[in-house]
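Q: Got a structure to go through with you. Can we start with the inside and then look at the rings?

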Amino acid sequence: MKPYKFKPFLKTTLWGGYQIAPFKGISTAQPNIGESWEISGVPGHESLAIDRGLIDDVDVGLTLTELIDKYKGLLVGQKVYKRFGNQFPLLVKFIDSRQDLSVQVHPNDELAMQRHGCAGKTEMWYIIKSDVGSKIYAGLKKSITPDEYEKIAHPQPLPKGGESEGRTQSKELSLTPPLPWGGAGGGLQDVIATHEAHEGDLYFLPAGRLHAIGAGNFLAEIQETSDITYRVYDFGRKDAHGNPRELHIEQAKDAIDYQVWPEYRTSYDSTKPVSQLINCPHFVVHRVVVQVAQQVDFHCDSFVVVMCLWGEANINGIHIRQGETILVPACENILYIFGNATFMTATI
């Protein structure tokens, strides 16, 4: 079974930029592309197979869910299929943040199953490019209680006269959030850890960790297959219909991990041709650098997602270039790589 390429789902967002299409070598007039869903089993957005380098390939045109149903453990791994069935367990993306994303948190599996009947969301970010001065917001830098969080996150009435730090009160929106990124009363910026963003930085975001991608970051994301997000603050942005985007302050209260950790940036050995980045119950991620040829065996009964971050190569008989992602079946998951490229891989 040769690796699969899938049609990416390009998602326009309020905060999206212009880097994803050229990075992937795609010509499109679609504006403000914030995300490219590379491989997805999310209902309604299942990835569609478009190429395996085979003539008259009967699998081209099938969704990822249909492929799993057809090949089962041969495609995803016997243990993976037994655990997840026809549901692909990972959602793989490229993200381009022209503006700050909302401050948010994701529930863990237990809380998400209880509330929404689906998995929670643990994720990770690998920064491909970042503008000078770009930020990543992740974790708490000082301890707060759930009640203190509520006071910080809840909108506050504007003072009499309708003016607050240059904002004017309107009939449509009589409340404005307290200055979340500082100000006399403090706010979310006063409690969320702020990090300078740099190319190659790695962040592991277990469910429960408050976080936001700052403006000017281009990154790869691997996460559990879940689209459950509790938005805590959104900079007063409005949706396509002119309405303030919904906040989930109460739902987030029980989902947040209030523990303060000494370090939120994850370290790894960037000098090795194959470096393990993340090893958690939801996914195992490696960085692979190939200059001429490399054979990589992860010794696992799992599919291998391969995201090309730079360069181009041939992997198990299929060509892959910067911005492309392939799914290598579990039954043929030793990677035979020829080329000059940097990859990020994910297995279960």
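Predicted model: local features only at pLDDT ≥ 70, side-chain atom pairs only at ≥ 80, totals over all residues.

Q: How many residues are in the largest nonpolar core?
A: That core has 39 residues. Phe88, Ile222, Leu327 and Met344 have the most contacts inside it. Helix α2 (residues 64-71) gives the largest share, 4 residues.

Q: Which residues does Leu327 touch?
A: Leaving out residues up to four places away in sequence, its contacts include Pro3, Tyr4, Phe6, Leu64, Phe88 and Val304.

Q: What is in the second core?
A: It is separate and has 25 residues. Among them are Leu111, Tyr149, Tyr230 and Tyr233.

Q: Switching to rings. How many aromatic pairs are there?
A: The whole structure has 10. In one of them, Tyr126 and Tyr268 have ring centres 6.5 Å apart and planes at 50 degrees, so the pair is tilted.

Q: Where do Tyr126 and Tyr268 lie?
A: Tyr126 is in strand β7 (residues 123-130). Tyr268 is in the loop between α7 (249-253) and β18 (274-279). The pair therefore ties together parts that are 142 residues apart in sequence.

Q: Is Tyr126 buried or exposed?
A: Buried, at 7% relative accessibility. Tyr268 is partly exposed, at 22%.

Q: Which residues form an aromatic cluster?
A: Phe23, Phe94 and Phe218 form one.

Q: Last topic, cavities. How many of 30 Å³ or more?
A: The count is 2.

Q: What lines the largest cavity?
A: The lining includes Gly139, Leu140, Arg209, Asp257 and Trp261. By class, it has 5 nonpolar, 2 polar and 2 charged residues.

How values were computed: Residues numbered from 1 in each chain as written. Heavy atoms only, no water. 1 Å grid on protein atoms, 1.4 Å probe; cavity = no way out; pocket = protein on both sides within 12 Å on 5 of 7 lines; lining within 4 Å. Points joined across faces, edges and corners; volume = space filled by probe spheres on them. Nonpolar A, V, L, I, M, F, W, Y, C, P; charged D, E, K, R; others polar. Core = buried A, V, L, I, M, F, W, Y, C linked by side-chain atoms within 4.5 Å. Buried < 20%, exposed > 50% of the residue type's maximum accessible area, 1.4 Å probe, protein only. Helix = DSSP H or I, 4+ residues; strand = E, 2+ residues; numbered from the N terminus. Contact = heavy atoms within 4.5 Å. Phe/Tyr/Trp six-rings, centres within 6.5 Å; stacked < 30°, edge-to-face > 60°.
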